[in-house]
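Subject: Structure for you to look at

Hello,

I am handing over the structure below. Please look through it first; my notes on what was found follow.

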Amino acid sequence: MPERVHEITLTVNGTVRRVAVPGRRLLSDCLRHDLGLTGTHVGCEHGVCGCCTVLLDGEPVRSCLTFAVTADGHEITTVEGLADGERMSPVQRAFAECHGLQCGFCTPGFLCTVTALLRENPAPTDEEVLEGISGNLCRCTGYQNIIKAVHRAAELTAEES
Amino acid sequence: MKPPPFDYHRPSSLGEALDVLAGTGEDGKVLAGGQSLIPLLNMRLAAPAHLVDINRLTDLAAVEEEPGGLRVGALARHSRVERSARAAEVQPLLGQALRLVAHPVIRNRGTVVGSLVHADPAAELPAVLALLGGSVRLARRGGTRDVPAAGFFTGPLESAAGPGELAVSAFFPALAPRSGTAFHEVARRHGDYALAGVAALVGLDDDLRVSVARVACVSVGPVPLVADVVGACGHRPPASADWAGAARAVQDRIEPETDIHATADYRRHLTGVLAERALRDAAREALHA
Ligand SMILES: Cc1cc2nc3c(=O)[nH]c(=O)nc-3n(C[C@H](O)[C@H](O)[C@H](O)COP(=O)(O)OP(=O)(O)OC[C@H]3O[C@@H](n4cnc5c(N)ncnc54)[C@H](O)[C@@H]3O)c2cc1C
Ligand code: FES
Ligand code: FES
């Protein structure tokens, strides 16, 4: 018997997208395979690495631990949606400036997590930054430059607002 | 890996959810935050024929004060309860425990009630419910029952919630006057399930002597282990109570096991250290309450 598909509507990075998915389609796979948004990375598929973090109605969540059907009718922001047109967001620029990435595999998850973190807490302490990014793994940088980038992003955001 | 196929149901009312669960029986599973269930599906450790997604039942997201405590609805996410000022006032142990549950991003989806039903012996919230003597409200088509914590956790990853039942809320008793709580644990990495963890509740009488001293331990048995240690620490003011003796009494009660993460001896050692620390902190809170 063919698997039943569900018609769902997601607002992804401001654009309304309609897509038909089986119930078991992970949001991460829906974004990558059905919608072609391969900026969202998939590392572990059990919630540990944080690479797949996207914003669901503005809140960071694991897209590998969310079914696309559950997100029906909701707003998703992926790493592709963080920039303002051609201009990178303050968080993106801070990561580039501070060398907060090397291979870049973990970066989309960090960018989404940090974007939400700074929205909630525009001037986090070191400890709050550590707590905020504790659910994202990076195998390259050793985290020091990521922490610098978060503080720099806070500065840039404050300067530009 | 990817989840196995299942029939997906998305009820829009509690009645509809209970009808679907009644119809699917043993083959149906509730999907709440998905932060424990989806990893199990992705790893193909579970393959339910039907998933009943309760994420549209927004009425169940309430966190409300009731006489004697706090009622947390099935759709109240960890992060919501953690940030609730009301919850922190009524029962501070909830916030103390939630900070130790996974990472902030996981807490944005995971639910308090889901964590109770999942009944992981290493999880913090079952220990909180057990320590406080709370209860879980289970609804099925045609009836509702309240199951006290002592009877709710029946084994590792096993709870009293049966086929066809939906846990609609959990009740956490309020902190009594002149009482304090604390939760301490040791995990390999921040946000991991704990190797050992202890929640403590200490209450003082009118003369500010210890009259309640109880702990709940995680990761040292199939279900959260609650130990009453008021006898061991003595009916004395917190400053002269025998907290080390109380911690030894806890160590004598537990039966930890060795696994790839830690030996039984190490878990027993950790539990003793954490019990003393949590009891002392809870006593300090009680003096200031
Ligand atoms: C990386 C990672 C680290 C984690 N670390 C911790 C940790 O340190 N401590 C900790 O306690 N937890 C941890 N968790 C688990 C997390 O707290 C889960 O959110 C929680 O255990 C389950 O809640 P949920 O709402 O996500 O439930 P789900 O995953 O949706 O469901 C879990 C189980 O409960 C059942 N269920 C859920 N809700 C109901 C209901 N209302 N009625 C009947 N049945 C129901 C489901 O059918 C399923 O069997 C971690 C998770 C991840 C991914
Ligand atoms: S892929 Fe989602 S957390 Fe690793
Ligand atoms: S930059 Fe390579 S994993 Fe983080």
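Buried area is the accessible area, taken with a 1.4 Å probe, that two parts lose on being put together, summed over both. The model is a predicted one. Between chain A and chain B the area buried is about 2,500 Å², and carbon and sulfur atoms give 53% of that. Arg24(A), Leu65(A) and Phe67(A) supply 24% of what chain A buries against chain B, more than any other three residues. The contact takes in 30 residues of chain A and 31 residues of chain B.

There are 5 salt bridges across the interface of the two chains. One of the salt bridges links Arg83(B) to Glu120(A), with the closest N and O atoms 3.7 Å apart. The interface also has 16 residue pairs in polar contact. On the side of chain A that touches chain B, β3, β4 and α3 (107–120) each give two or more residues, and β4(A) gives the most, with 4 residues. That side divides into 9 nonpolar, 11 polar and 10 charged residues.

Within chain A there are two domains, domain 1 (5–81) and domain 2 (90–160), whose centres are 22 Å apart. In chain A, 17 residues of domain 1 are in contact with 14 residues of domain 2. These domains bury about 1,100 Å² between them, 64% of it from carbon and sulfur atoms. The count of salt bridges between them is 0, while 4 residue pairs are in polar contact. β3 (53–56) and β4 (59–62) each supply at least two residues of the domain 1 side.

Regards

How values were computed:
Residues are numbered from 1 along each chain as its sequence is written. Chains are lettered from A and ligands numbered from 1 in the order in which they are written. This is a predicted model: local features need pLDDT of at least 70, side-chain atom pairs count only at pLDDT 80 or more; totals for chains, interfaces and linings use all residues. Side-chain values use heavy atoms; hydrogens and water are left out. Domain bounds come from an automatic or database domain assignment. Contact means heavy atoms within 4.5 Å. A salt bridge is a side-chain nitrogen of Lys or Arg within 4 Å of a carboxyl oxygen of Asp or Glu. A polar contact is a pair of N or O atoms within 3.5 Å; within protein, one must be able to donate a hydrogen and the other to accept it, and residues adjacent in sequence count only if both atoms are side-chain atoms. Ala, Val, Leu, Ile, Met, Phe, Trp, Tyr, Cys and Pro count as nonpolar, Asp, Glu, Lys and Arg as charged, and the others, Gly among them, as polar.
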